[in-house]
Amino acid sequence: MKLALATLGLAASVVASAAEPPPVEHFMRHATYSSARISPNGEYLAIGVDRGGQDVLTVLRLADLSLMKVNILPDEKSVAGYEWVGDDRLIFTATRKVGSFELPAGTGEWYAVNADGSQPRPIIFYGNRGASQRGKNVGNEFFSLLDPLQDDPRNVLMISSYARSADGAGAELVQVDTVSGTRKVLARAPKENCSLQIDEKKQARFAVCGRARDEQGKYDPNSDLYRLGEDGKWSLVAAGTSGKQLGVRWTAKDGTIYAYESDRKAPRAFGTIDRATGEFRKLFQDPVSELSGVITSPQDDKALAVITAAGVPKIHMVDEQHPDAELYASLAAAFPGQLVNFSSATRDGKKIIVSVYSDKNPGELYLYDRDSGKARFLMKGREWIDPAQSATMRAFSFKNREGMTLYGYLTIPKGSDGKNLPLIVNPHGGPMGPRDSWGYNPETQLFASRGYATLQVNFRGSGGFGKAFEDMAYGQWRTGIMNDVIDATRWAISEGIADGERICIYGGSFGGYAALMAPAREQGLYKCAVGYVGMYDAQLQYKLSDTGESADGRRYLDRAFGATREEQDAMSPITYADQIKLPVMLAAGARDRRCPPEHTEAMFAALERAGNRPEDMIIQSGEMHGFYGVENRVNLYTKMLAFFEKHIGPGQRVAAN
């Protein structure tokens, strides 16, 4: 199959960049769109559009890309989580943009509207309204969309979660009318803390029920799989404590049940569950990497391929006989070096929104038409970015001091030979669960534009490499994880990539912790450090953070930090203030609840007492766990660049070729 590409679309080509690097705002502006969804009949295209501090929902008529409606929520709320209900109605939820290290905070409200803007309805909201609207009010329930029922012009399926105990929540499958707002409970989960899955008939069939504690009451997440029988009773299919953890992902239109199986050590296997016997049949498992995604057929939801991402993402076909396997291969071949996926499709699967991105391309959308065999360009996520001028993100691996293979990424300035560069070591947040990934990263691209290489290593505890690897981080924040960060830094020096005399360390959240702890552990290796929304004092985290508010959150902290005061103090950077002898810059959000600003203020004071007053400290009003406002981000990174320039510059500004 030969794919034809058309170049019509919403965005014009960007102009060639000049020799001078782009301004900081060029990298800190948010993407124009968050996602796009085609209506089931192919008549409309819905797009989440960034308008500064607020995302709106725009509806276009696909035939000529004419504007139908711009849906704007009041009180600076942003639109998110939108789906088509039938051919011409949309349902969406409201969020508030609060920070770059966490997803925007949902308000819990849901709305529905027709494509042309008619019949707007608040479907689920909190607080008091008139008597006619009281049926839509909710108390302590939280609703999430499970299935938009695209063959039903007005109803959707949602999951209602509600508190049942201090650390547990119940769940119900609820049918919600998007015109009247009426709700009907269809099924209830078998126990607390369950997610529900439906079958091909849109009926509740499976529940994955999690628990945060092991048999000894210590923090150790696990889950059990239950099945709802035709008799209306739940039965246990697989208990996580048996050594095999099974979880259902989705059921395809033909009834194929896709699932994960885990031994709670190695990366999970992906496969199917036999409907009659409950037996798991493995389709794919990687010895190193968890799956970072699954590519499904736009026609029948069958799995075509899976994606692994220890380094640069790799595609592994799991159903080469499926008719859409050839289509996907053709699309992927049309965009070499980029990751291609199906974003959404019409009911008959004839028109498909295709997403494309890479380390240099922030993302763009195409409309593929099966009848014509052509893919028409629609839009760019960041139309001001020219991929030809972007830096390259290289994958690397090395063995740490224990002989364990670790994976990571190096962003190398465009035009550089990749040798003897000033280096910024950038540990990610978490540390358990999050990871660094391949793709366009505005932060590392900014650093590269000023001549800095950026090193990001997926140290022990990072997500994506199996539970055993993730569990290695508990009790190892100051020791094992810092060893990994330090070893990665020394690897970059030994490979000739980094100039050993020009290395700084910078990170946010746990990365902020690492930015202060690694220099205390390995004095002289780093020339400066930037801690951003970091955690520096275990006692403050217990007392002031949202993590410390729940019993399970405190159990997590006990396992991560150590249960005794001695262990907690020993892993806190503030304890080692007199050993942090390099120049320091600190930044925090004034409204941060995950790592409250008191951490940053206490760290500043401790360094000042030790005779090493930080060169700068930003406590940004209005911001939370990571700065979201563009003006605040520009201010932060402008000061950060000046700090780097002072200590490991001058930056090598590489002229565009």
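Take the link between Cys 194 and Cys 209 to begin with: it is right-handed, with 100 degrees about the S-S bond. The two cysteines form a disulfide with their sulfur atoms 2.0 Å apart. This pair links distant parts of the chain, since Cys 194 sits in strand 14 (residues 194-198) and Cys 209 in strand 15 (residues 204-213), 15 residues apart. Keep in mind that you're looking at a predicted model.

Are these two cysteines buried or exposed? Buried counts as under 20% relative accessible area. Cys 194 comes in at 12%, so it is buried, and Cys 209 is buried too, at 1%.

The count comes to 2 disulfides, so let's move on to Cys 504 and Cys 528, which are joined with an S to S distance of 1.9 Å. The torsion about their S-S bond is about 115 degrees, so this disulfide is right-handed. Here, too, distant parts of the chain are linked: Cys 504 lies in strand 33 (residues 498-508) and Cys 528 in strand 34 (residues 528-532), 24 residues apart. Cys 504 is buried at 0% relative accessibility, and Cys 528 is buried with a relative accessible area of 0%.

Now hop over to strand 20 (residues 269-273), where 5 of the 5 residues are buried. On one side, strand 20 pairs with strand 19 (residues 257-262) in the antiparallel sense over 5 bridges, and Ile 257 stands opposite Ile 273. Strand 20 also pairs with strand 21 (residues 280-284), again antiparallel, over 4 bridges, with Phe 270 partnered by Phe 284. In the hairpin of strands 20 and 21, Gly 278 takes a positive phi near 80 degrees.

Note on methods:
Residues are numbered from 1 along each chain as its sequence is written. This is a predicted model: local features need pLDDT of at least 70, side-chain atom pairs count only at pLDDT 80 or more; totals for chains, interfaces and linings use all residues. Side-chain values use heavy atoms; hydrogens and water are left out. Buried means under 20% relative accessible area, exposed over 50%, partly exposed in between (1.4 Å probe, protein chains only). Helices (H or I, at least four residues) and strands (E, at least two) are DSSP runs, numbered from the N terminus. Two strands pair if DSSP finds at least two bridges between them. A disulfide is a pair of cysteine sulfur atoms within 2.5 Å.
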